[in-house]
Amino acid sequence: MQEKTSPTPDPAGTGGSGGAGARDAGAPVKPVIPAAAAKRANASVIGMVIALVVSIAAFLPVILMNPLPKSDGYRPDIDVAGISQRAADVAGFTPAAPDTGNAFRANYARWEAGTGNGVPTWEVGFLTPKESFIALVQTSKANPTWLLQQTKNAPVTGTRSAGGQEWELRDTGKGEKSMVLDYRGTTVVLSGAAQLDEFGILADAVVKSMDSNPAVTVSPSAPAAP
């Protein structure tokens, strides 16, 4: 019997074709990009960078002109009493400027001419101690349509006593409510989602302010032309 022998591997360092092929198979292959394609790729990247820089430059002035809002501790200084006195010249009455100390903070106070609906109004917005909101609207020319708009068509659900007066309570059933008072020739509407106890505090201050002001005056009619 003949003994089968396995072929002897080539010694290390020999230049056999098998070893060279193995080394070639394990070496990484580097892709070759044509010069024209590489130029186009670089041009695309440069174009994207330029477009990004242009976009930032366009929006930067807008951001700088609109600074971030102030912190929660900022309180606008609204002189409700002073604005009320100035509005009295055109209102025909002295608008209510309720004084609640530092409990309620006004964030706006203005006189609206009512050019759209024919009802000029005195408007003040109050932030309550419980961080809710109540809007005060006062006019000497209220009408049923205007009142429904101010109270969001809420039905009358009762009355609330505040400042020695009976206020009409209207509730939408969705958190929004209104207290309405016809007093000394004007109609006052308090509206918002605050609790009724906060409504009562503000309503009491409104009545005190109205009591301290002159009653509604009627401007004299202009003399007839000859």
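1. A nonpolar core is a set of buried Ala, Val, Leu, Ile, Met, Phe, Trp, Tyr and Cys residues joined through side-chain atoms within 4.5 Å. In this predicted model, the largest such core has 26 residues. Val 124, Leu 136, Trp 167, Leu 190 and Val 206 have the most contacts inside this core.

2. Two or more residues of the core come from each of these elements: helix 3, helix 5 (196–212), and strands 1, 2, 3 (133–139), 5 (165–171), 6 (177–183) and 7 (186–192). Helix 5 gives the largest share, 6 residues. A second, separate core has 6 residues, including Val 119, Val 137, Leu 147 and Val 180.

3. Trp 167 deserves attention on its own. Leaving aside residues up to four places away in sequence, Trp 167 touches, among others, Met 179, Leu 181, Val 188, Leu 190, Ala 203 and Val 206. Gly 158, Thr 159 and Arg 160 are also among the residues that Trp 167 touches.

4. Helix 3 spans residues 80–91, and its buried residues are Val 80, Gly 82, Ser 84, Ala 87, Ala 88 and Ala 91. Strand 1 (105–112) and strand 2 (121–127) are included in what covers these buried residues. Just after helix 3, Gly 92 takes a positive phi of about 85 degrees.

5. The protein as a whole has 5 helices and 7 strands, which run α-α-α-β-β-β-α-β-β-β-β-α from the N terminus on. Of its 226 residues, 29% count as buried. The accessible surface comes to about 15,300 Å², and 59% of that surface belongs to carbon and sulfur atoms.

Definitions and conventions
Residues numbered from 1 in each chain as written. Predicted model: local features only at pLDDT ≥ 70, side-chain atom pairs only at ≥ 80, totals over all residues. Heavy atoms only, no water. Buried < 20%, exposed > 50% of the residue type's maximum accessible area, 1.4 Å probe, protein only. Helix = DSSP H or I, 4+ residues; strand = E, 2+ residues; numbered from the N terminus. Contact = heavy atoms within 4.5 Å. Areas by Shrake-Rupley, 256 points an atom, 1.4 Å probe, with all protein chains shown as cover.
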